[in-house]
Amino acid sequence: MLGPISSPIILAAALLDAVIGDPPIVWRRVPHPVVWVGRMIALTEARLNRGGSARRRVLGLLALALWLAVGIGSSLGLLAIVPEGAAVALTLLGGAVLLAQKSLADHVLAVARGLEVSLADGRQAVSMIVGRDPEVLDAAAVARAAIESAAENFSDGFVAPLFWFALLGLPGIVGYKIINTADSMVGHRTARYAAFGWASARLDDFVNLLPARLAGAAITGAAFFLRHDGRQALRAMVRDAGHHRSPNAGWPEAAMAGALGLALAGPRRYGAEIVEDGWMNDGGRAAATASDIRAAVRLMRGAAVVTVLLAAGLQALV
């Protein structure tokens, strides 16, 4: 199935993801598709990421084209050789597997449960979802990190893949996950990856451009329905999203911050590097707690419902 996906498939894929997610009993036996993508990227990068900056940039672009050709080509080939009914089932299953709303919620809630036991447990749990050094974070910073991760990954782990799935079917969501995984692995501004991962980082920015803004809008809409501060979510998003170092992450983070009355982002430490970033909802409360993490997950789930209903409604109209 290539092209826009029907509303029932969108609803069914999102429901499967929300209810089942990524069951460990399955992925302990069979590697998750994203794991296979990661292995392909790592193997290629190890062989090609050599030489001067100009050479690395060209090889990084060619590598990205190769990864997309393999992933999208495989999905198109599978859809072409199976019967129509099997193609529908494959598309539905692929969409459900490559959405990540439940797994994200589970990881973020683990931080809340950890903090409710001890700071050490909270730090251990948050180290699974953020790249910063957890040992320098106090309890409030651990909570903020978890909420920031929830907001940002709601966009690139759920809204964006759902957007490309609804628009282009299984090849669309496969292509998006390859781009996003490549960015997370090689799209860093370090001596090793700055040139080789340049194309991956820029393409990831592009494919998330509209979904990130839709994610912020969905969080804002859910805030009104769930009796959070929807007006402040909208104000913070419009005012502060552009101050984020990422061209996209600021939209859902600012909306989340405004809805919960928190100040998110700001200066952060990644290893020895201090990243100077703007505050999302500047002037909000910095003393986040485990209760705020739970509120953020409830808001994220509400925003997921808003997103799915909007996508299915638009597809039904089309």
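**Helix packing and selected residues**

V34, V37, G38, I41, A42 and E45 in helix α3 meet K177, I178, T181, A182, M185 and V186 in helix α8, where contact means heavy atoms within 4.5 Å. The residues of this contact of α3 with α8 divide into 8 nonpolar, 2 polar and 2 charged, with Ala, Val, Leu, Ile, Met, Phe, Trp, Tyr, Cys and Pro counted as nonpolar, Asp, Glu, Lys and Arg as charged, and the others, Gly among them, as polar. This is a predicted model, in which local features need pLDDT of at least 70 and side-chain atom pairs count only at pLDDT 80 or more, while totals for chains, interfaces and linings use all residues. Residues are numbered from 1 along each chain as its sequence is written, and side-chain values use heavy atoms, with hydrogens and water left out.

**Geometry of α3 against α8**

- The axes of α3 (residues 33-48) and α8 (residues 139-186) come within 10 Å and cross at roughly 50°, the axes being lines fitted to C-alpha atoms, for helices over the stretch in contact, and the angles running from 0 to 180 degrees between N-to-C directions.
- That angle makes α3 oblique to α8, since angles under 35 degrees count as roughly parallel, over 145 as roughly antiparallel, 65 to 115 as roughly perpendicular and the rest as oblique.
- The crossing of α3 and α8 is right-handed, a term for the near helix being turned clockwise from the far one by less than a right angle, with anticlockwise giving left-handed.
- Helices (H or I, at least four residues) and strands (E, at least two) are DSSP runs, numbered from the N terminus.

**Helix α4 and its surroundings**

- Helix α4 (residues 53-81) packs with α8 at an angle of about 160°, their axes lying 9 Å apart, and the two helices are therefore roughly antiparallel to each other.
- The crossing of α4 and α8 is right-handed.
- On the α4 side, W67, L68, G71, I72, S75, L76 and L79 meet L170, P171, V174, G175, I178, I179 and A182 of α8, and by class this contact has 11 nonpolar, 3 polar and no charged residues.
- The buried residues of α4 include R56, W67 and S75, buried meaning under 20% relative accessible area, exposed over 50% and partly exposed in between, with a 1.4 Å probe and protein chains only.
- The buried residues of α4 pack against α3, α5 (84-98), α8 and α9 (198-207).
- At 1.5 Å a residue, the 29 residues of α4 should span 42 Å, and its end C-alpha atoms are 42 Å apart, which agrees; the expected span is 1.5 Å times one less than the number of residues.

**F154 in α8**

- F154 lies in helix α8 and, at 0% relative accessibility, counts as buried.
- Leaving aside its neighbours within four places in sequence, F154 is in contact with L104, S149, V159, A215, I219, M300, A303, A304 and T307.
- The C-alpha atoms of F154 and V297, which are 143 residues apart along the chain, are separated by 9.8 Å.

**Positive phi at non-glycine residues**

- A265, although it is not a glycine, has a positive phi of about 65°; A265 lies in strand β1 (residues 264-265) and counts as buried at 3% relative accessibility.
- N281, also not a glycine, has a positive phi of about 65°; N281 is found in the loop between β4 (279-280) and α13 (290-317) and is buried, with a relative accessible area of 4%.
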